[in-house]
Each structure stands twice: as C-alpha cells, then as structure tokens.
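Colleague: I would like to go through this model feature by feature. Please give the general idea each time, then the case at hand.

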Amino acid sequence: MLMRNIDYASNQLNKIRIRISNALQSAGRQENEVTLIGAAKQQHAGLCDEFCRAGLTAIGENFVQEAIARQRAMSCTDIEWHYIGRIQSNKTKPICRHFDWVHSVDRLKIAQRFATQNEGRSLQLLIQLNVDDEPTKAGVGVSQAAQLCAQIAELERVQLRGFMVIPEAQAEYSAQRRPFAMARETLDQVNQRYGLEMDSLSMGMSSDLEAAIAEGSTMLRIGTDLFGPRPRA
Ligand SMILES: *Cc1c(COP(=O)(O)O)cnc(C)c1O
C-alpha cells in the first residue's frame, strides 16, 4: 500500500512536471522559473507525505486550522508553506507562525497586522488581484492595486512579491490567457510607477496552467491534477 502510494505520487508529479516543462518550452522560458505548489485542501496528511517524499517542495492551504492539523500530522517536513485562502483578520497571527508565503492579501489592514505580528523571518506577500472586477469576488480591483502595493511595500518584516489571480473558469485557451496577461501587465506597470521589484505571479491551476505559464506565471497552485480528486469532507 505504502509503495503504491509512493509510485502514485511520483507518477502524478512526473505528469505535472511534463506539462509544466512543455508549457515553459513553448513560451521560451527556463525550466526553473516556476514553482509547483500542491493545493492540498481536504487531502490526507499521509498522501501529502508521499508527495513530499516524491519531491514536492511546496504546499498551499486554504484554511488555517486544517493547515496546522496537516503540518502536525506530516512526517516529511521539508516543505515551504503557502497560505492561499481567504484571510480573516483574527487569523493573521497563526498565519505568520505557520506559513512562509501568503498569496491572498486583499487589504492594507491585513498586511499591517502581518508586519506587526511577524517575528523573525520575513513573510512573503502577494496581493490577490480581482481581474474580473466582480464585486462579489475576493481580491483587489486592478484600479486599486497600485496604491495598495505602494502602501504594503513600505511595511517592515513583510516582503511584497507580486500578485495571485483566480480568474473565472474558461474553457478556451485564449480566454484563459487574458486575465493572466492583465495580471502580468499590472505587475509591470506598478513596478515601474513605484520603483518596486515584485517578481512573482501566482497563477495557474489544474485546468489552466499552460495559459498561466504562457503569460509569465512563477507559481502554480495545483490540486486535482496533482493529488487526484478531493475526498469529500
Ligand atoms: C483548490 C485551489 C487550487 C487548486 O485547484 P485545482 O483546480 O484542484 O487544481 C488553486 N488555488 C486555490 C486558491 C484553490 O483554492
């Protein structure tokens, strides 16, 4: 059983790495320009351990309590932890303690709390960009992003690295690319306008990773096509 899981994890990792590698090649990009993050929500800690042993180096989490439980239960510990879920302001302290990166910052107050509460190492932050500009969706509208970046960039003990986007699901490749292109362009514009050096774009999931890589993604958050379907909670 254990051996089968290790094989399963290696095979799944291999399949995704081939997709990533092909997409990077088509885009004329280098092999090491993208980090693969396993989006682990609802997956068993034992399965995550097998993926970690097979070579997965980063895990993304949507819920703080679930993440802490998984971290405690896992024996393979050489993992970089990424928080990719919605942030409640009363959870910023455990997020500082249990994560290396936060992808879903959407207001100044949250970043300020991280800056105050973070002890020791610097926390890497991404602002979640609402590229569809739908008021019901999480994230900051493109028109407000510049100002928020400038404010967060001033804070100590946090490092602003770029944007995360979760676009509306689209079947067509060209439609998938459009919001990712917008995120890339916004990053370039804000960097220029404020003299910042943001270098990270967290974009691309199971169904649109090729489009995201074509538009400059540096971090993929892959759940289903890596771990397999999520078990029902
Ligand atoms: C679940 C999730 C993913 C991964 O989605 P898949 O389609 O299963 O690859 C990526 N990002 C976020 C924020 C998620 O919640």
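**Helix packing and selected residues**

Modeller: Helices α6 and α7 are oblique to each other, a class for angles that are not under 35 degrees (roughly parallel), over 145 (roughly antiparallel) or 65 to 115 (roughly perpendicular). This is a predicted model, in which local features need pLDDT of at least 70 and side-chain atom pairs count only at pLDDT 80 or more, while totals for chains, interfaces and linings use all residues. Residues are numbered from 1 along each chain as its sequence is written, and side-chain values use heavy atoms, with hydrogens and water left out.

Colleague: At what angle do α6 and α7 pack, and how far apart are their axes?

Modeller: Two packed helices are described by the angle between their axes and the distance between the axes. Here α6 (residues 142–153) and α7 (residues 173–194) pack at about 40 degrees, with axes 10 Å apart. Axes are lines fitted to C-alpha atoms, for helices over the stretch in contact, and angles run from 0 to 180 degrees between N-to-C directions. Helices (H or I, at least four residues) and strands (E, at least two) are DSSP runs, numbered from the N terminus.

Colleague: Which residues of α6 and α7 meet?

Modeller: Contact means heavy atoms within 4.5 Å. From α6, V142, A145, A146, Q147, C149 and A150 meet M182, T186, V190, R193 and Y194 of α7. By class, this contact has eight nonpolar, two polar and one charged residues; Ala, Val, Leu, Ile, Met, Phe, Trp, Tyr, Cys and Pro count as nonpolar, Asp, Glu, Lys and Arg as charged, and the others, Gly among them, as polar.

Colleague: Is Q176 buried or exposed?

Modeller: Buried means under 20% relative accessible area, exposed over 50%, and partly exposed in between (1.4 Å probe, protein chains only). Q176, in helix α7, has 9% relative accessibility and therefore counts as buried. The Q176 side chain reaches the backbone oxygen of Q170 at 2.8 Å and that of S207 at 3.2 Å.

Colleague: Which residues of α5 are buried, and what covers them?

Modeller: In α5 (residues 108–117), the buried residues are I110, A111, F114, A115 and Q117. Their cover includes α4 (92–98), β4 (101–105), β5 (123–130), α6 and β7 (158–164).

Colleague: Where is R157 found, and what is its phi?

Modeller: R157 is in the loop between α6 and β7. Its phi is near 65 degrees, a positive value in a residue other than glycine. R157 counts as partly exposed because its relative accessibility is 41%.

Technical notes
A polar contact is a pair of N or O atoms within 3.5 Å; within protein, one must be able to donate a hydrogen and the other to accept it, and residues adjacent in sequence count only if both atoms are side-chain atoms.
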